[in-house]
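Please keep the sequence and the 3D view open while reading.

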Amino acid sequence: MRVCILGATGSGKGTQGRLLCQALEIPMISTGEILRQAIDQGSELGDQVRTFVEQGELVPDETMIALIRDRLEQGDVERGWLMDGYPRTAFQAEELDFLLEQLDQRLDRAIWLEVSEAQLVSRSLERSRSDDQPEVVRRRIQVFHERTRPILEYYEMKRRLLRINGEQSPEQVHQDIHQGLGI
Ligand code: AMP
């Protein structure tokens with residue numbers, strides 16, 4: 001199965017993504033984790049993206065599209081994959097479809113974890129990641145509304161969107177995702 005999880009910062013997409021990957025035995029492609037790791041390692045990619053990530057801004061589409069293309073060319077993704085935090089813009093979503101077509105693959109479902117803004121802020125502030133400072137968290141939520149929400153319409157139009165109430169307990173969210181995917 002090939003799925004992506006969409007949701008603002010603090011929506012639980014990382015947690016739910018990991019659970020789903022275990023259940024489906026597929027690798028998780030978390031663009032946020034790949035970028036944070038590159039920053040920690042001080043690699044060329046890390047230097048290139050550091051300012052964007054630290055300020056809660058999106059890394060330019062060209063960089064992200066190249067990163068995803070490289071990742072999907074690795075051998076472990078043949079049986080399926082789950083993307084956490086990708087795509088994040090309408091352009092990324094369209095380019096992902098083009099790329100998958102070239103690879104003879106297809107995205108099965110886009111899962112949207114719907115969580116209110118108040119919950120998003122309080123959940124993110126409970127974590128201790130370096131990009132979880134209050135003003136950065138607020139900026140990331142604003143960026144989600146401006147740049148990522150339009151993708152939801154794109155996937156809805158293509159009848160691939162699975163809306164999940166992300167305000168429920170993690171167990172219930174997990175159960176709803178399984179039911180929605182028919183697994
Ligand atoms: P996340 O862990 O998914 O919340 O991502 C952390 C940060 O990485 C974001 O605030 C962005 O700066 C960057 N990032 C992650 N995924 C993407 C993406 N698909 N497009 C652009 N920037 C991204």
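Arg-139 counts as partly exposed, at 23% relative accessibility (buried means under 20% relative accessible area, exposed over 50%, and partly exposed in between, with a 1.4 Å probe and protein chains only). Its side chain meets that of Glu-57 in a salt bridge, 2.7 Å from N to O, where a salt bridge is a side-chain nitrogen of Lys or Arg within 4 Å of a carboxyl oxygen of Asp or Glu. The two residues are 82 apart, with Glu-57 in the loop between helix 3 (44-55) and helix 4 (61-72), and Arg-139 in helix 7; helices here are DSSP runs of H or I with at least four residues, strands are runs of E with at least two, and both are numbered from the N terminus.

This is a predicted model, in which local features need pLDDT of at least 70 and side-chain atom pairs count only at pLDDT 80 or more, while totals for chains, interfaces and linings use all residues. Residues are numbered from 1 along each chain as its sequence is written, and side-chain values use heavy atoms, leaving out hydrogens and water.

## A buried pair

Asp-131 forms a salt bridge with Arg-140, with the closest N and O atoms 3.4 Å apart. Asp-131 is buried at 5% relative accessible area, and Arg-140 is buried at 10%. Both belong to a network of salt bridges that also links Arg-36, Arg-127, Arg-129 and Asp-132.
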